[in-house]
Amino acid sequence: MKTLLLLLSLMAITTVNAQKADYKAAPSELVAENNVFEVSGKNTTELYQLTKKWIASKYENPKKVIVLDNENESIGIKHFFDIDTGFANPWRVKVKYNLSIDFKDGKVRILISNIGDTHYTKYSGFFDKEGNRRRYNDKAIGVIEKYASNFIDEYISYLQKGNDW
């Protein structure tokens with residue numbers, strides 16, 4: 001019985017710690033069923049400070065990409081994903097995005113919105129007028145979804161580990 005309780009406890013902890021981002025492409029945003037991530041052991045101030053450090057490590061010029069900075073509440077970023085697709089057509093996918101990160105009670109909420117065209121990639125062309133995916137763009141859309149989800153997973157992992165180098 002003790003072994004069973006221990007096993008169930010470990011499974012519950014693993015489930016809580018195994019939060020994964022799963023963003024899906026829509027005409028103007030990347031949508032996740034769950035875009036709120038719990039970061040145990042970190043308060044709002046720590047999450048905000050770690051996020052600022054993460055931004056400094058991820059972006060070449062952090063001051064230029066931050067468009068909103070409400071200390072200990074939220075940070076807004078405007079930038080672009082530049083993705084090597086790993087296949088021939090298209091070689092690269094480059095789309096603009098806004099990243100909104102909100103902090104509250106040991107949690108972060110992450111929204112990826114205003115996905116837009118660049119001179120390199122016409123993201124709006126991936127969808128028809130009704131907002132449905134065009135089938136011939138499934139590979140490129142899949143690459144964007146995977147890249148964005150991994151990008152957020154790396155961020156959450158950074159928050160959980162802290163600035164432990």
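1. Surface first. Accessible areas here come from the Shrake-Rupley method with a 1.4 Å probe, and for residues only the protein chains shown count as cover. On that basis the protein has an accessible surface of about 10,500 Å², with 51% of it belonging to carbon and sulfur atoms. Buried means under 20% relative accessible area, exposed over 50%, and partly exposed in between (1.4 Å probe, protein chains only). Of the 165 residues, 38% count as buried.

2. What you're looking at. This is a predicted model, where local features need pLDDT of at least 70 and side-chain atom pairs count only at pLDDT 80 or more, while totals for chains, interfaces and linings use all residues. Residues are numbered from 1 along each chain as its sequence is written, and side-chain values use heavy atoms, with hydrogens and water left out.

3. Confidence. pLDDT is the predictor's confidence in each residue, from 0 to 100. The mean for the protein is 87, and 87% of its residues reach 70 or more. The stretch to treat separately is residues 4–17, where pLDDT stays under 50. A contact means heavy atoms within 4.5 Å, and for residues 4–17 the model has 1 contact beyond four places in sequence. Over the protein, 54% of the contacts with a separation of 6 or more are between residues 24 or more positions apart.

4. Element order. Helices (H or I, at least four residues) and strands (E, at least two) are DSSP runs, numbered from the N terminus. There are 4 helices and 7 strands, in the order α-β-β-β-α-α-β-β-β-β-α.

5. Strand pairing. Two strands pair if DSSP finds at least two bridges between them. Strand 5 in turn pairs with strand 6, antiparallel over 11 bridges, and here Lys78 has Asn98 in strand 6 as its bridge partner. Strand 6 then pairs with strand 7 in the antiparallel sense over 8 bridges, with Ile101 partnered by Ile110 of strand 7.

6. More on strand 7. Strand 2 pairs with strand 7, antiparallel over 2 bridges, and Leu30 stands opposite Ile112 of strand 7. Strand 3 (residues 36–38) also pairs with strand 7, again in the antiparallel sense, over 3 bridges; Glu38 has Lys107 as its bridge partner there.

7. Turns and phi. Most residues other than glycine have a negative phi. Which residue in the turn between strand 6 and strand 7 has a positive phi? That would be Asp105, at about 50°, in a hairpin with 2 residues between the strands. Asp105 counts as exposed because its relative accessibility is 63%. The hairpin of strand 4 and strand 5 has 3 residues between them, and Asn72 in its turn has a positive phi of about 65°. Asn114 also has a positive phi, near 50°, but its place is in strand 7.

8. The core. A nonpolar core is a set of buried Ala, Val, Leu, Ile, Met, Phe, Trp, Tyr and Cys residues joined through side-chain atoms within 4.5 Å. The largest one has 43 residues, and Leu30, Leu99, Val108 and Ile152 have the most contacts inside it. Elements giving two or more residues include strand 2 (29–32), strand 6 (92–104), strand 7 (107–116) and helix 4 (138–161). Helix 4 supplies the largest share, 11 residues. Beyond four places in sequence, Leu30 touches residues including Tyr23, Phe81, Ile112, Ile144 and Ala148.

9. Aromatics. Rings of Phe, Tyr and Trp (its six-membered ring) pair if their centres lie within 6.5 Å; planes under 30 degrees apart count as stacked, over 60 as edge-to-face and the rest as tilted. By this rule the count comes to 9 aromatic pairs. One of them is Trp54 with Tyr59, edge-to-face at 6.3 Å centre to centre and 90° between the planes. Trp54 counts as buried because its relative accessibility is 3%, and Tyr59 is buried too, at 5%. Trp54 and Tyr59 belong to one aromatic cluster with Phe81, Tyr97, Tyr147, Phe151 and Tyr155.

10. Is Asn137 buried or exposed? Buried, because its relative accessibility is 11%. Asn137 lies in the loop between strand 7 and helix 4, and it touches Gly125 and Phe126, not counting residues up to four places away in sequence.
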